[in-house]
Amino acid sequence: MRALRDALTLRSGVTLLLRLVLCGILLYAAVGKWPAPRAFAEDVANYRLLPAALVPLATAGLLGVEVVLGLMLLLGVLLPLAALLTALLTGLFTAAVASAL
């Protein structure tokens, strides 16, 4: 019984650590983009995946999503949804980078 409790405690600790790491990555990424949103918009436009008219909206949306997901992970709010959306955002970023190769 003690082994099971210890395993669950370890799992909870690892889950919390991973949540905080992902939170840090998302918030760090967002904070780095806030001072120069035009430079970030140019970076998004350079991928040539979106029409020019959608780049400002996508730029603002990505910044907002990164902040909201980071806060959700930090605060433990709606964790299954936060995990799903973080995975989707990571997949989107991976696909964008892969398309630029």
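This briefing describes the nonpolar cores, the salt bridge, the surface patch and selected residues of the structure. The model is predicted. Its largest nonpolar core consists of seven residues, and the structure holds one salt bridge. A nonpolar patch with about 960 Å² of accessible area lies on the surface.

**Nonpolar cores**

- The largest nonpolar core is formed by Cys23, Leu26, Leu69, Met72, Leu73, Ala82 and Leu89.
- Two or more residues of this core come from each of the elements α1 (2-33), α3 (55-75) and α4 (79-99).
- Helix α3 gives the largest share of this core, with three residues.
- Ala82, a member of the largest core, touches Leu69, Met72, Leu73 and Val77 when residues up to four places away in sequence are not counted.

**The salt bridge**

- The one salt bridge of the structure is formed by Glu66 and Lys33, whose closest N and O atoms are 2.7 Å apart.
- This pair links distant parts of the chain, with Glu66 in helix α3 and Lys33 in helix α1, 33 residues apart.
- Side chains of opposite charge can pair when their charged atoms come close.
- Both partners, Glu66 and Lys33, are buried.
- Glu66 counts as buried because its relative accessibility is 8%, below the cut-off of 20%.
- The side chains of Glu66 and Lys33 also make a polar contact, at 2.7 Å.
- Apart from neighbours within four places in sequence, Glu66 is in contact with Leu26, Leu27, Ala29, Ala30, Lys33 and Leu89. Of these residues, Leu26 and Leu89 also belong to the largest nonpolar core.

**Leu63 in helix α3**

- Leu63 lies in helix α3 and has a relative accessibility of 3%, so this residue counts as buried.
- With residues up to four places away in sequence left out, Leu63 touches Ala30, Lys33, Trp34 and Phe40.
- From Leu63 to Val14 the separation is 49 residues in sequence and 27 Å in space, C-alpha to C-alpha.

**The nonpolar surface patch**

- The patch is made of Leu16, Leu20, Leu71, Leu74, Leu75, Val77, Leu78, Leu81, Leu84, Leu85 and Leu88.
- Helices α1, α3 and α4 each contribute at least two residues to the patch.
- The largest share of the patch, four residues, is supplied by α4.
- Leu75, one of the patch residues, is found in helix α3. Leu75 counts as exposed because its relative accessible area is 60%, above the cut-off of 50%.
- Val77, another residue of the patch, is touched by Ala82, which belongs to the largest core.

**Loop residues with positive phi**

- Arg48 lies in the loop between α2 (37-46) and α3. Its phi is near 55°, a positive value in a residue other than glycine.
- Arg48 has a relative accessible area of 69% and is therefore exposed.
- Leu78 lies in the loop between α3 and α4, and its phi, near 50°, is likewise positive in a residue other than glycine.
- The relative accessibility of Leu78 is 56%, so Leu78 counts as exposed. Leu78 is also one of the residues of the nonpolar surface patch.

How values were computed:
Residues are numbered from 1 along each chain as its sequence is written. This is a predicted model: local features need pLDDT of at least 70, side-chain atom pairs count only at pLDDT 80 or more; totals for chains, interfaces and linings use all residues. Side-chain values use heavy atoms; hydrogens and water are left out. A nonpolar core is a set of buried Ala, Val, Leu, Ile, Met, Phe, Trp, Tyr and Cys residues joined through side-chain atoms within 4.5 Å. Buried means under 20% relative accessible area, exposed over 50%, partly exposed in between (1.4 Å probe, protein chains only). Contact means heavy atoms within 4.5 Å. A salt bridge is a side-chain nitrogen of Lys or Arg within 4 Å of a carboxyl oxygen of Asp or Glu. A polar contact is a pair of N or O atoms within 3.5 Å; within protein, one must be able to donate a hydrogen and the other to accept it, and residues adjacent in sequence count only if both atoms are side-chain atoms. Patches are made of residues with over 30% relative accessible area and no salt bridge: like charges are joined within 9 Å, nonpolar side chains (Val, Leu, Ile, Met, Phe, Trp, Tyr) within 5 Å. Accessible areas come from the Shrake-Rupley method with a 1.4 Å probe; for residues, only the protein chains shown count as cover.
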